[in-house]
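Let's take a friendly walk through this protein together. Have the sequence and the 3D view open as you read.

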Amino acid sequence: MKKHNFYAGPSILPEFTKEKTAEAIMNFAGTGLSVMEVSHRSKEFVAVMDEAVALVKELLKVPEGYSVLFLQGGASTQFLMAPYNLLDKKAAYLNTGAWSAKAIKEAKFFGEVVEAASSKDANYNYIPKKIDVPSDASYLHVTTNNTIYGTQLYTDLDVDIPLVGDMSSDIFSRPIDISKYDLIYAGAQKNLGPAGATLVIVKNSAVGKIDRQIPTMLNYQTHIDKDSMFNTPSVLPVFASLQTLRWLKQNGGVEAMEQTNIKKAAMLYDEIDRNKLFESTVPNKEDRSKMNVTFVMTPEFAEFEKEFLDFASEKGMIGIKGHRSVGGFRASIYNAMPVESVKALIETMQEFEKTK
Ligand SMILES: *Cc1c(COP(=O)(O)O)cnc(C)c1O
């Protein structure tokens, strides 16, 4: 039976990425060696890193003056690296979910944190519209897609202080105006590649402005100076990420992805709104994520949650159990998720409705 992979992360990757990576695990670039067993300083691997950086710049239209880095430690290490490098005395954070809250916790090690707005009062089921940004904060940190709560911030905010964006679960899903950000980071494992690489896009002039001693590995300048080769990069995840970047380019880039993502999300939300058994956890339609679609049984049918999970799993739907802090279901429909899989989930929901 065909499996439809709705996991939130690590999550579905393009067939292309898996095939090319499998080939390179056995024979990388005609070397007769595995991509896992060649020096990261070999000309073959340096070419991989260079092309990956170039493609990120091309696909996201990264302006001059920014560096693209592939680091390790996941987005969670960026929660501390960002304030370590950029927070002078105070920083503002938009608190839109569990990941924002974790980022806030780390920033507090380095200075005062002001919550510019929070949606915690409603279990993070919306994106706050009124944002209070103190002008003396070093930056405003936003989580552009709230992987757990199924909300997404679709605008690159206009604020008078630098923006920092955790884009772990929606990078490459739509065009973004990089020039508004001093720093963007994303763990690879949602929309780019296997876990183990973290994409960082940093404005060169934003680094080195504050008066703080920073250990070498945690200093962005180290990695900017050494083109992500200060120490051994995560060669296999970077190689696989490059394949996804090539796939993105072949398939029309982020503009084309956005169109498909709009279509996939609309289909699924329409079904959730129509089907008598289900309802969205995000009432404001404009805040609903196009990457992680969260929904629950309507109160009337609440008792059938487990039955639906079993029913869906028999139909090949994998990973749709909701995060424990929201309950219900979550269908993650990242770039690599084909329209057919979204249709298969919709059919499953319709078949289940007929049994009630
Ligand atoms: C998954 C996720 C993280 C955590 O990423 P790690 O790479 O596991 O540290 C952080 N932020 C968001 C928005 C995420 O989706």
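The report below covers the model, its domains, the contact between them, and a sheet with its helices.

## About the model

This is a predicted model, in which local features need pLDDT of at least 70 and side-chain atom pairs count only at pLDDT 80 or more, while totals for chains, interfaces and linings use all residues. Residues are numbered from 1 along each chain as its sequence is written, and side-chain values use heavy atoms, with hydrogens and water left out.

## Two domains

The protein chain is divided into domain 1 (4-11 + 253-353) and domain 2 (15-250); such bounds come from an automatic or database domain assignment. Taken over C-alpha atoms, the centres of the two domains are 26 Å apart.

## Where the domains meet

Contact here means heavy atoms within 4.5 Å. By that rule, 30 residues of domain 1 touch 30 residues of domain 2. Together the domains bury about 2,300 Å², with 52% of it on carbon and sulfur atoms; buried area is the accessible area (1.4 Å probe) that two parts lose on being put together, summed over both. Val254, Asp287 and Asn335 supply 23% of the area that domain 1 buries against domain 2, more than any other three residues.

Two salt bridges are found across this interface, each being a side-chain nitrogen of Lys or Arg within 4 Å of a carboxyl oxygen of Asp or Glu. Look too at Asp287 and Lys129, whose side chains meet in a salt bridge at 3.0 Å, N to O. Helix 7 (253-274) and strand 12 (292-297) are the elements that give two or more residues to the side of domain 1 that touches domain 2. Helix 7 gives the most, with seven residues.

Helices (H or I, at least four residues) and strands (E, at least two) are DSSP runs, numbered from the N terminus. Seven strands form an open sheet in the order 2-10-9-8-5-3-4, with mixed pairing; two strands pair if DSSP finds at least two bridges between them. Strand 2 (66-71) and strand 4 (112-118) stand at the edges with a single partner strand each, so one side of each is left without a neighbour in the sheet. From one strand to the next, the twist averages 20°.

Strand 3 (residues 90-95) pairs with strand 4 in the parallel sense over six bridges. Ala92 has Val114 in strand 4 as its bridge partner.

## Helices across the sheet

Helix 3 (residues 74-86) lies across strands 2, 3, 8, 9 and 10, running at about 160° to strand 9. Helix 4 (residues 98-107) lies across strands 3, 4, 5, 8 and 9, at about 165° to strand 3. For these angles, axes are lines fitted to C-alpha atoms, for helices over the stretch in contact, and values run from 0 to 180 degrees between N-to-C directions.
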